[in-house]
Every structure is written in structure tokens, then in C-alpha cells.
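Subject: Handover of a structure

Dear colleague,

Please find below the structure that I am handing over to you. A short account of the findings comes after it.

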Amino acid sequence: MVVLLVLVWMVTPATSLANAPHNDTRDDSVEQVVMYHLESEAIPRSIQYLSWTPVRRLDNGHYKVTVRFRVKNRYKRSVLKKQIVIMDEGGAILKVMDCR
């Protein structure tokens, strides 16, 4: 039983990253971007998502989404961020551009 649970746990993240990027039907979030923020932000538990644009497929086959969120930086100050995120067809993040 434990082996089965470990196998499911190991396969689930890989499977989710293999899907084409798309907005969640409940809150418009994009799973791959949320996972990226959890790994890259200084205080990830402080993230509050404010808005997501629909994921759009670009002419070059990549995908683009814009996200606005509030997060605490490494100095524990709350900052507002807006990012354009470019992903490939498997959901891997290729580029993150901070907007002002």
C-alpha cells in the first residue's frame, strides 16, 4: 500500500507538468505558474493572487499568461507584482517577465 502511494505521488507532479497550460475553472489560476511561485518567492505562503488573464497560445507554439499578485519580499514588505509568463506546450516555464 505504501509503495502504491509513493508511486502515485511520484507520477502525479510529472503528469501535471506534461499537460498544456490552461486556466483552472475554479479560480483562473495556472498550476505551473503557482508551482513556480512556490519555489521562487522568498515567502511563498504570503502569496495572494489578484488576477489571471486567459492562457493564450502564441504563433510560435508557446503559451502566455499574465498574473497579478501580492507577496512579501525578503524584507517582509508586501509588494504588488505583475508578471508575464511564457511556457512551452508541456507547461515548462521558459521566461518570466516582471512588469511595472
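Predicted model: local features only at pLDDT ≥ 70, side-chain atom pairs only at ≥ 80, totals over all residues.

The mean pLDDT of the chain is 88, with 82% of the residues at 70 or more. Residues 1–17 call for caution: pLDDT stays under 50 there, and the model gives this stretch five contacts beyond four places in sequence.

Strand pairing

Strand 3 (residues 63–72) is joined to strand 1 by five bridges, and the two run antiparallel. Within this pairing, Tyr-49 has Phe-69 of strand 3 as its bridge partner. Strand 2 (residues 56–57) also runs antiparallel to strand 3, with two bridges between them; here Arg-56 stands opposite Lys-64.

Two hairpins deserve a look. The hairpin of strand 2 and strand 3 has five residues between the strands, and Gly-61 takes a positive phi near 90 degrees in it. In the hairpin of strand 3 and strand 4, which has five residues between the strands, a positive phi near 65 degrees is taken by Lys-76.

The loop residue Asn-23

Asn-23 belongs to the loop between helix 1 (2–18) and helix 2 (31–40). Its side chain reaches the backbone oxygen of Asp-28 at 2.7 Å and the backbone nitrogen of Val-55, also at 2.7 Å. Leaving aside neighbours within four places in sequence, the residues in contact with Asn-23 include Trp-52, Thr-53 and Pro-54.

Salt bridges

How many salt bridges does the structure hold? There are two. In general, side chains of opposite charge can pair when their charged atoms come close.

One of the salt bridges links Arg-26 with Asp-24, the closest N and O atoms being 3.1 Å apart. Arg-26 is exposed, at a relative accessible area of 73%.

The side chains of Glu-41 and Lys-81 also meet in a salt bridge, at 3.1 Å from N to O. Glu-41 lies in the loop between helix 2 and strand 1 (43–52), whereas Lys-81 lies in strand 4 (residues 78–87), so the pair ties together parts that are 40 residues apart in sequence. Glu-41 is buried, with a relative accessible area of 11%, while Lys-81 is partly exposed, with 25%.

With kind regards

Notes
Residues numbered from 1 in each chain as written. Heavy atoms only, no water. Helix = DSSP H or I, 4+ residues; strand = E, 2+ residues; numbered from the N terminus. Polar contact = N/O pair within 3.5 Å; in protein donor to acceptor, adjacent residues only side chain to side chain. Contact = heavy atoms within 4.5 Å. Salt bridge = Lys/Arg side-chain N within 4 Å of Asp/Glu carboxyl O. Buried < 20%, exposed > 50% of the residue type's maximum accessible area, 1.4 Å probe, protein only. pLDDT = per-residue confidence, 0-100. Pairing = 2+ DSSP bridges.
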